[in-house]
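This report walks through strand pairing, helix packing and nonpolar cores. Please view the sequence and the model side by side.

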Amino acid sequence: VKISNAEPGDRGITITWRNEQGEPSTTAYPYAFLRDNDPEELHPQTRERVFDLTSVTLPIRPESHAVSEDALCVSWPGKASPSTYSSDWLQQYAPGKRRADASVVKRVAWDRQSLGEIPRSNAPHCVADPIALRDALLTLKRYGILLLDSLQDSLDASLVFGDHIGFRRRTNFGKMFEVINLPEPNNLAYTALALPLHTDLPNQEIVPGYQFLHCYRNDVTGGESIFADGLKLCEDLRDEAPEDFELLRSVKVPWRFHDDENDIRSYRPIITLRQDGALDYLVFNAHIADVPDLPADLLDDFYLAYQRFMQRIRDPQYAISTTLRPGEMVIFDNTRVLHSRAAFDPNSGERHLCGYYIERNEVDSRIRVLDRLKC
Ligand SMILES: [Fe+2]
């Protein structure tokens with residue numbers, strides 16, 4: 001696509017493009033946008049903006065401009081040399097056009113039947129090949145869950161893998177938590193009891209993003225890991241019970257974890273939507289839902305919707321189950337996919353999992369950086 005004309009107006013300049021077939025199209029670029037994003041006023045190493053917007057008077061108009069097929073040159077008041085905007089730059093940053101982003105994937109909502117089994121990747125392959133790791137992370141984002149196999153037989157094998165992705169999130173349970181049967185547990189995960197489907201730590205100001213759950217030892221009777229896609233659950237809820245959906249989206253629930261050392265609380269709805277209406281966060285954890293301090297007239301309706309959603313979450317049509325084997329690690333989006341565990345017999349063997357969290361934006365950042373390596 002080549003530039004065929006540039007027409008200055010009161011507030012901006014309109015570029016007319018001509019594609020290979022000679023068909024015209026136009027894009028309007030506001031002057032303030034062009035001035036603030038002058039490619040020459042970025043730091044050469046950091047690529048951060050060094051231009052200070054308060055150094056000019058808005059609204060601003062160019063003193064003159066010139067165009068070629070491949071660039072727009074603009075002379076701005078107070079600037080010694082003209083600014084050059086290449087046609088590639090103008091195309092890439094056309095106002096209103098969403099920025100290209102290698103980490104964006106279309107999420108696929110799933111239930112037991114449609115997913116069949118958890119998508120798998122091989123850990124040594126991902127470590128050896130950056131593009132395999134990128135693709136594994138994109139699969140993780142698409143389904144919200146991924147099973148890695150063939151990790152080394154050591155407790156820190158999962159940490160070594162996580163270091164290839166990003167920083168681990170520290171919580172009150174540490175930078176890593178070990179899911180073992182403890183004599184004095186501060187969390188039901190550290191018992192042999194069944195855990196219903198839940199998401200972790202809705203009581204945190206920022207809900208942990210991806211959970212990495214590594215199976216180090218597991219030869220007990222029971223203890224299957226079960227997962228359900230909150231994206232599918234929310235889509236079905238919106239279709240089949242829109243009033244319940246609206247209540248769970250709008251009512252802020254108090255969440256609280258407290259022990260001898262901590263009292264960590266938040267208020268947030270069970271369902272949080274993105275600006276485009278798609279699911280952003282699903283949080284669900286009846287164990288740490290605090291006593292609701294909602295008005296009485298809301299409580300009755302809320303409890304009905306809350307119980308119906310709880311029943312829906314437990315519908316086996318949504319659940320996929322697996323027995324984690326030593327050397328496997330399941331990674332799942334804790335803001336989307338619910339997880340649970342069947343009860344196990346602590347006297348039948350050893351069950352030792354360890355877990356940690358890495359935030360969603362760390363994973364996105366890794367995908368973008370890995371994507372730069374593609375040929
Ligand atoms: Fe959990």
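T16 has T26 in β3 as its bridge partner. Strands here are DSSP runs of E with at least two residues; helices are runs of H or I with at least four residues, and both are numbered from the N terminus. Two strands pair if DSSP finds at least two bridges between them.

The model is predicted: local features need pLDDT of at least 70, side-chain atom pairs count only at pLDDT 80 or more, and totals for chains, interfaces and linings use all residues. Residues are numbered from 1 along each chain as its sequence is written, and side-chain values use heavy atoms, with hydrogens and water left out.

| Strand | Partner strand | Bridges |
|---|---|---|
| β2 (residues 12–18) | β3 (residues 24–30) | 7 bridges |
| β11 (residues 210–218) | β22 (residues 351–358) | 8 bridges |

**The open sheet**

Strands β11 and β22 belong to an open sheet of 6 strands, ordered β7-β8-β19-β11-β22-β9, with mixed pairing. β7 (120–122) and β9 (177–179) are the edge strands, each pairing on one side only. From one strand to the next, the twist averages 25°. Helix α5 (residues 130–143) packs on this sheet and touches β7, β8 (145–149), β11 and β19 (329–333). The direction of α5 makes about 145° with that of β8. Such angles run from 0 to 180 degrees between N-to-C directions, with axes fitted to C-alpha atoms, for helices over the stretch in contact. Helix α10 (residues 360–371) lies across β11, β19 and β22, at about 75° to β22. In β22, I358 stands opposite Y210.

**Helix α7 and the cores**

Helix α7 spans residues 230–240, and its buried residues include L233, C234 and L237. Buried means under 20% relative accessible area (1.4 Å probe, protein chains only). At the start of α7, a side-chain oxygen of D229 comes within 3.0 Å of the backbone nitrogen of L231.

The largest nonpolar core has 31 residues. Such a core is a set of buried Ala, Val, Leu, Ile, Met, Phe, Trp, Tyr and Cys residues joined through side-chain atoms within 4.5 Å. I270, I271 and F309 touch the most other members. α9 gives the largest share, 6 residues. Beyond its neighbours within four places in sequence, F309 is in contact (heavy atoms within 4.5 Å) with residues including L233, C234 and L237. A second, separate core of 24 residues includes A123, A157, F161 and I367.

Technical notes. Buried < 20%, exposed > 50% of the residue type's maximum accessible area, 1.4 Å probe, protein only. Polar contact = N/O pair within 3.5 Å; in protein donor to acceptor, adjacent residues only side chain to side chain.
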